Amino acid sequence: MNIQYEEDVNALIKRRHEELEELKKMGVVPYAYEFDINQYSKNIKDNYEEYEGKDVKIAGRLMAIRKMGKASFAQIQDDKGRIQIYLRKDEIGDQYQAFKLMDIGDIVGVEGFVFKTRTGEISVHSKSLKLLAKSLRPIPIAKEVIDEKGNKKIYDQFADKELRYRQRYVDLIVNRDVKDVFIKRSKIITGLRSFLDAKGLVEVETPILQPLYGGAAARPFETYHNALEMKLYLRIADELYLKRLIVGGFDGVYEISKDFRNEGMDKTHNPEFTMMELYVAYKDYNWMMEFVEEMIASVTKSVFGTTKFNIEGQEIDFGEKWNRISMIDQLRKETGIDVLSASEDDLIKALEDKNVDLTGGESKGKLIDELFSATVEPRIVSPTFVIDYPVELSPLAKKHRSKEGLVERFEGYVLGREICNAFSELNDPIDQLSRFEQQARFKSEGDEEAHEIDRDFIRALEYGMPPTAGLGVGIDRLVMLLTNQPSIRDVILFPQMRKES
């Protein structure tokens, strides 16, 4: 932000404070307690014939003002859109004088009747105007100018990404399409919840603060409980607690929750994110693939009215059957390497050839995953299930019933983005303990994301868990995909940011 701009803004703020004092001297209460609205702009516009000549009470933020001598116009923005208001000095008296001291950004309540101006614009003819909140900071309103060649230029647009994320409240005011994204996000979550409820799954809540983190390969956030005198972790996944409920006799459970991972940030990662996990007894990953196809098709149809989307210039149809490809076979096609029999040195060399940075200490499974991310992921366009992963990568998945060295696992990808992860869940406590012990060795060798040994979970499995299919869906990534947003920060209202300087 340049010095001249800061000086201009400070001058505007100073002027608004002066106007605030003038309004108080006039007896105007600048911050009201309530205003009884009975209509919204969109409903008035959509049903003009019904409301023409009728009195309405609306409220919103002043977004454009044309002040004249004895009559003025303004645009107010409410929760549903914008509408013009018309004010006359001889009709509202002292309120008109107060209006002269109002600015773009002020929130007002208007009582009046609906009419059309000479130009045909649906408006509200004000019979009463009440200041509800005085805005002391200028709102960056974009101005559109058409040059001599007919090109449209936009000035003073609130477009700086970091400012938009940091000051989401301003972003929502001036960039109306942003609000639409978050309304769709809410509807997507509601659609998922409705689908799962209709299928008979029970929504549950599990601990956010956990004595032992698990359920994923990730570094946790740590905290400390003074009364218990013990270290606790913010959960990285819900999996192990939800599977304890399957042990306890629930046949189907799900949770939509915040998870936390102490990891880097990029276009698809935020340290605080939303997951949906579900577990269904007596099913396997083959059943879960069909369940995911049905679920995503149902949600897209209910929220968007279609299963067909144009995303990043690609036509995607969630109403069709998803592709199925083997992780190992696809890696062999892309790289010529049989990753199951390849040595760690072979995998490291292949990754170095792809200019992939390694930190050192990666397990073989981690190297295979990195190679997949570098070679196969970017080529996936249509909805695709990548199936059958190496056992080293999946300490909580059941061994493949016919393929040595693999587990029954799939991840769902669209346009190179992973949106879900699922297993035939491991329910053999002896095998599970062996996998945990292997993970502990990886951790001791430098893999900071390796799984901890959760002995209480082993104890739960020893009581017996039925065959189970499990699924995790990254809500943020799913919303990114369906709303065609380029970054996870575009679908999180208040994403994590560096400290403001």
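Me: Why is asparagine 484 called partly exposed?
Reply: Its relative accessible area is 35%. Buried means under 20%, exposed means over 50%, and partly exposed is what lies in between (1.4 Å probe, protein chains only). The 35% of asparagine 484 is therefore in the middle class. A word on the source: this is a predicted model, in which local features need pLDDT of at least 70, side-chain atom pairs count only at pLDDT 80 or more, and totals for chains, interfaces and linings use all residues. Residues are numbered from 1 along each chain as its sequence is written, and side-chain values use heavy atoms, with hydrogens and water left out.

Me: Where does asparagine 484 lie, and what is its phi?
Reply: Asparagine 484 is in the segment after helix 16 (475-483). Helices (H or I, at least four residues) and strands (E, at least two) are DSSP runs, numbered from the N terminus. Its phi is near 60 degrees, a positive value in a residue other than glycine. Most residues other than glycine have a negative phi.

Me: What is the phi of leucine 415, and why does this residue count as buried?
Reply: Leucine 415 is not a glycine, yet its phi is positive, at about 50 degrees. The residue sits in the loop between strand 18 and strand 19 (417-424). Its relative accessibility is 14%, so leucine 415 counts as buried.

Me: What makes glutamine 439 buried, and which residues does it touch?
Reply: Glutamine 439 has a relative accessible area of 6%, so the buried class applies. This residue belongs to helix 14 (residues 429-444). Leaving out residues up to four places away in sequence, glutamine 439 touches Glu392, Pro395, Ala450 and His451; contact means heavy atoms within 4.5 Å.

Me: Why is strand 2 called mostly covered?
Reply: Seven of the seven residues in strand 2 (residues 71-77) are buried. Ala71, Phe73, Gln75 and Gln77 point one way, Ser72, Ala74 and Ile76 point the other way, and all are buried.

Me: How do you know that strand 2 pairs with strand 3?
Reply: Two strands pair if DSSP finds at least two bridges between them. Strand 2 and strand 3 (residues 82-88) run antiparallel and are joined by seven bridges, and alanine 71 has arginine 88 of strand 3 as its bridge partner. In their hairpin, with four residues between the strands, glycine 81 has a positive phi near 160 degrees. Strand 2 also pairs with strand 1 (residues 55-66), in the antiparallel sense over five bridges, and these two strands likewise form a hairpin with four residues between them. In strand 2, isoleucine 76 is the bridge partner of leucine 62.

Me: What makes strand 8 and strand 16 edge strands?
Reply: They belong to an open sheet of eight strands with mixed pairing, in the order 8-12-13-20-19-18-17-16. Strand 8 (202-203) and strand 16 (323-326) each pair on one side only.

Me: How many helices and strands does the chain have, and what share of its residues is buried?
Reply: The chain has 16 helices and 20 strands, and buried residues make up 49% of its 501 residues. Along its principal axes, the C-alpha trace spans about 85 × 60 × 50 Å.
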